[in-house]
Amino acid sequence: MNELATKYNPADVEEKWYAYWLKNGLFKSKPDGREPYTVVIPPPNVTGILHMGHMLNNTIQDILVRRARMEGKNACWVPGTDHASIATEAKVVNKLAAQGIKKSDLSREEFLKYAWEWKEEHGGIILKQLQKLGASCDWDRTAFTMDEIRSESVLKVFVDLYNKGLIYRGVRMVNWDPKALTALSDEEVIYKDEHSKLYYLRYFIEGEDKYIIVATTRPETILGDTAVCVNPNDPRYSFLKGKKVIIPLVNRVVPIIMDDYVDIEFGTGCLKVTPAHDVNDYMLGEKYNLPSIDIFNDNGTISEAGGLYVGMDRFDVRKQIAKDLQEAGLLEKVEDYDNKVGYSERTNVVIEPKLSMQWFVKMDKLAAPALDAVMKDEIKFHPDKFKNIYRHWMENIKDWCISRQLWWGHRIPAYYLPQGGFVVAATPEEALKLAREKSGKADLQMSDLRQDEDCLDTWFSSWLWPISLFDGINNPGNEEINYYYPTTDLVTAPDIIFFWVARMIMAGYEYEHKLPFRNVYFTGIVRDKIGRKMSKSLGNSPDALELIKTYGADGVRMGLMLAAPAGNDILYDDALCEQGRNFNNKIWNAFRLVKGWNVDETLPQPQTAAIAVEWFDAQLNRTLEEVKDLFGKYRLSEALMAIYKLFWDEFSSWYLEMVKPAYQQPIDCKTYDAILRYFDALLRMLHPFMPFITEELWQHLYDRKEGESIMTARMPEPQPVDMEIINRFETTKLVVAGIRTIRLQKGIANKEQLTLQIIGAHDHSNDCILTKMTNLATIETIEEKDPAAASFRVHATEYAIPLSNAIDVEAELKKLEAELKYAQGFLKTVMGKLGNERFVQNAPEAVVAMERKKKADAEEKIKSLEESIAALKKK
């Protein structure tokens, strides 16, 4: 007891126990005969630092892992980080720019040297921060998406898919990021609603003094127009068949094409066709064999091919071309227009649809088993509302653009031959061998081959994560992949359901021929208390480590979980962490109270304590059953709330009050042993949510050996529950509450003993509890109560407390007369309504019935008050 501080200070406890867990290897996992429980961390960016989303996600994972460990499973939580190509390369480029170094002035090898230095300096920060949160990962297994095993796995899979005909290279329309200078997949484009302008342009018909009007939101792209399209069924434009038009300013003559792709109702019914800069125009260009003019440089400026405004930024050109069209009499009008504009998820610049030579994965074949697995609930989504979002994407899946024009990442293992063509191989040695076979030149050297400059999309490594973490690609069927795979639960945010979740499922079926995980728990987005998404730019995201410092890791974990139902957004407020910290203090103080009691082994157990033990046994088992059910449904917030209420309401407010000895008196041995047993069970139930304080108190509960930990103690199993005991005690609670309310209302001191009178049926089993909890002198059953007694009802039974000796008669009379006056005034108002014929006839029946009930209640209350006043006046 001397070792336990008077006040709970998280800082004294957290570092000590985390070091203890590490020292004793309690997070480590090796294959053995137990049931495995495997979780792989969604790898945070190597550039990342802990934010509220990470805190929530990793708290949930830790809760699941710690509970599984306490259920006797072999829990393995594998940590790691993601190389995050675009984000990391941007950070390195910015750092070099601050030193006056341009990426373009460096060789690839020189740049990568700087990138690896950055990774070594920043790469482990977030994992160290997760330790502050209490994350019980097997740190010996820490992986990085560009370490040797993961890199080898990525290249092997690329080669395998290429050899299966599922990876191909071709010129396609892609989303181009002009800031990062790379292609993006469709999932990396965020569409935002914008207030734009719609420009109506005049396209003159060749050889005539007539023009047609074409509407566009992007007038700068007329530099790349190669046709105008109308619907063949549009009577307004049937005269255009076989004619040509002149592009405004550009003066290029282009054909009119007719295709029912054009919506007659939309705009003017005339569509400008720019095959190099619009996905749909590209398809029309292919269909009608139109030339494609790429008017943009990679950085979003106008290229030589544009002919006009060369070197100017695309948005500057938009302003200038509008003026020039106006001056040339080629601009009919400009209207305000709301539309959606695609932005790069990483750099937040407007993406540019662009024709580009890229590498793609064919998705149809890979998607089929991955769709079935979720639709048939072989993989369960929690909450299952995300199944429909998943199904819609999978049924409309497009080929995945996997090449990125970056240096930081896995370089594409394709090697170009001097005479044209290429070979794909996981190593340069294999590539040279294939190149010699393909070219028929046995003297070909490595220096004759040129490796593709591009890197693979970051997600091409993380889609293998559940497999590559156990080296299942390089060493199929090894002991670890056979034991730990498929993993059990995946905890992730819904915004990467397509980037990551869907692709991991595809890779799982392609390479392990089975699902990669059985359950996916989708967290919500952490928002501030007024509903805004947390972000650095808004300044509404608290510093995660500062929160831990202020409220303790357990307080923060609990605060987040109290407001975190699966799949729903969390409205975060510091008050939640404050509630978490208060609960820590409640547990601490209750423990110190109990440990401060003296035990007398000669004392018999009082009847009140025996009843309390019997009742709390039932209450504990009922909550254990409820929590087990809630964990099975992944309703973790509700599980925490059930344990919270069990500790705060039932254990602290009721059980300890019932069994605590009189002031400075000892407690009997049997009751004290039960208290410690319950404390032990409660600490175990709370441990997954609040690991630090529970370890500290569990170690103080009994003498422990070095290496022992609550982490490996078994979770209590629910036993059959006697609901009769619980229901009987609920009635006792209501009676206690009624008596306490009378004491409060009448200003009767707790030390003053009362008589409890009962009119009606009453189970006397718990009378000793009533006597102790409310300081009763006697409990008696009577036929009729004293009118001056204060009374209340519990179910059909009336309970009364005679007040003659306990109250100031004059003050009570004054109070009752004031209540009577108010009740009479209230009745008058109600009678006024009911006396109004129009109200009675026109008001809904339910409203009139409510007023009649108010009248009856008021009359009954007036009668009761008048009786009480009359009785008091006789005193």
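Reply: A salt bridge is a side-chain nitrogen of Lys or Arg within 4 Å of a carboxyl oxygen of Asp or Glu. This is a predicted model, in which local features need pLDDT of at least 70 and side-chain atom pairs count only at pLDDT 80 or more, while totals for chains, interfaces and linings use all residues. Residues are numbered from 1 along each chain as its sequence is written, and side-chain values use heavy atoms, with hydrogens and water left out.

Me: Which residue forms a salt bridge with Lys-833?

Reply: The partner is Glu-851, with the closest N and O atoms 3.7 Å apart. The pair links distant parts of the chain, 18 residues apart: Lys-833 is in helix α25 (residues 809-834) and Glu-851 in helix α27 (residues 845-873). Helices (H or I, at least four residues) and strands (E, at least two) are DSSP runs, numbered from the N terminus.

Me: Is Glu-851 buried or exposed?

Reply: Buried means under 20% relative accessible area, exposed over 50%, and partly exposed in between (1.4 Å probe, protein chains only). Glu-851 is buried at 5%, whereas Lys-833 is partly exposed at 39%.

Me: Where does Lys-354 lie, and where Asp-294?

Reply: These two residues form a salt bridge, Lys-354 with Asp-294, whose closest N and O atoms are 3.0 Å apart. Lys-354 lies in strand β14 (residues 352-361) and Asp-294 in the loop between α7 (279-288) and α8 (314-327), so the pair ties together parts 60 residues apart in sequence. Lys-354 is buried at 6%; Asp-294 is partly exposed at 26%.

Me: How many salt bridges does the structure hold?

Reply: The structure holds 57.
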